[in-house]
Amino acid sequence: LRVGGIKGAPASGILRQYSSKSYPDHQVVGMPALSPTMTQGNVGQWQKSVGDKIEPGDVLVEIETDKAQMDFEFQEEGYLAKILAPTGTKDLKIDSPVAIIVENESDVAAFADFTIDQAGAKSGSAAAEPAPAAEAPKQSAQPAKTEAAKPAAPAGDAGSRIFASPLAKAMAKEKSIDLAQISGSGPRGRIVKADIEKFVAS
């Protein structure tokens, strides 16, 4: 499964799938690396609740670092079965378990008592090796993206901070649009995909 973020970002929020006698098929969602230098992050506001259906492109949760606040966009369908890292959780390392996703809504209730220790034990034993291998081929394509994205930071620091979803940022870059010219319609003025499309149409 793929996890959303800035287009071209290294593998992050890796999903690991499990099936056991105790629990139905499920995936453990890890803390995503939303930039090539990110090593840990804080959990902001969850945009989905346990039991909610998730559609491709939906924002699952806000992730905060010392430099920025970004949306963690999910790119597959499923249901949020368990939140392992509630809002306010600090300094979670990349790939630390943050949530459980299931394919069937009927499986959500089975994870009511699921703990982060169970998820951590599974992710440590089942997928410690694949993560570096998945990141390696993608990092080579990242520097150009990083350099292009950096100039936006001073603009946010100079005045009011600009909040935009990774998808909106990617669209703005592709179309050479200055995000400062756009009024966001998302929560707290966040610029979303629809705002970019509206700006282009105008």
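Guide: Happy to! Let's begin with lysine 53 and glutamate 77, whose side chains form a salt bridge at 3.8 Å, N to O. Lysine 53 sits in strand 4, while glutamate 77 belongs to the loop between strand 6 and strand 7 (78–83), so this pair ties together parts 24 residues apart in sequence. With a relative accessibility of 35%, lysine 53 counts as partly exposed. Please keep in mind that this is a predicted model.

Aspartate 58 pairs with lysine 48, and their closest N and O atoms are 3.3 Å apart. Here, too, distant parts of the chain are linked: aspartate 58 is in the loop between strand 4 (53–54) and strand 5, and lysine 48 is in the loop between strand 3 and strand 4, 10 residues away. Lysine 48 has a relative accessible area of 18%, which means that this residue is buried, the cut-off being under 20%.

Now for a bridge inside a helix. Glutamate 197 and lysine 193 form a salt bridge, with 3.9 Å between the closest N and O atoms. Both residues lie in helix 6 (residues 193–201), 4 residues apart, or about one turn of the helix. Glutamate 197 is partly exposed, at 40% relative accessible area, and lysine 193 is partly exposed at 40% as well.

As a general point, side chains of opposite charge can pair when their charged atoms come close.

Key
Residues are numbered from 1 along each chain as its sequence is written. This is a predicted model: local features need pLDDT of at least 70, side-chain atom pairs count only at pLDDT 80 or more; totals for chains, interfaces and linings use all residues. Side-chain values use heavy atoms; hydrogens and water are left out. A salt bridge is a side-chain nitrogen of Lys or Arg within 4 Å of a carboxyl oxygen of Asp or Glu. Helices (H or I, at least four residues) and strands (E, at least two) are DSSP runs, numbered from the N terminus. Buried means under 20% relative accessible area, exposed over 50%, partly exposed in between (1.4 Å probe, protein chains only).
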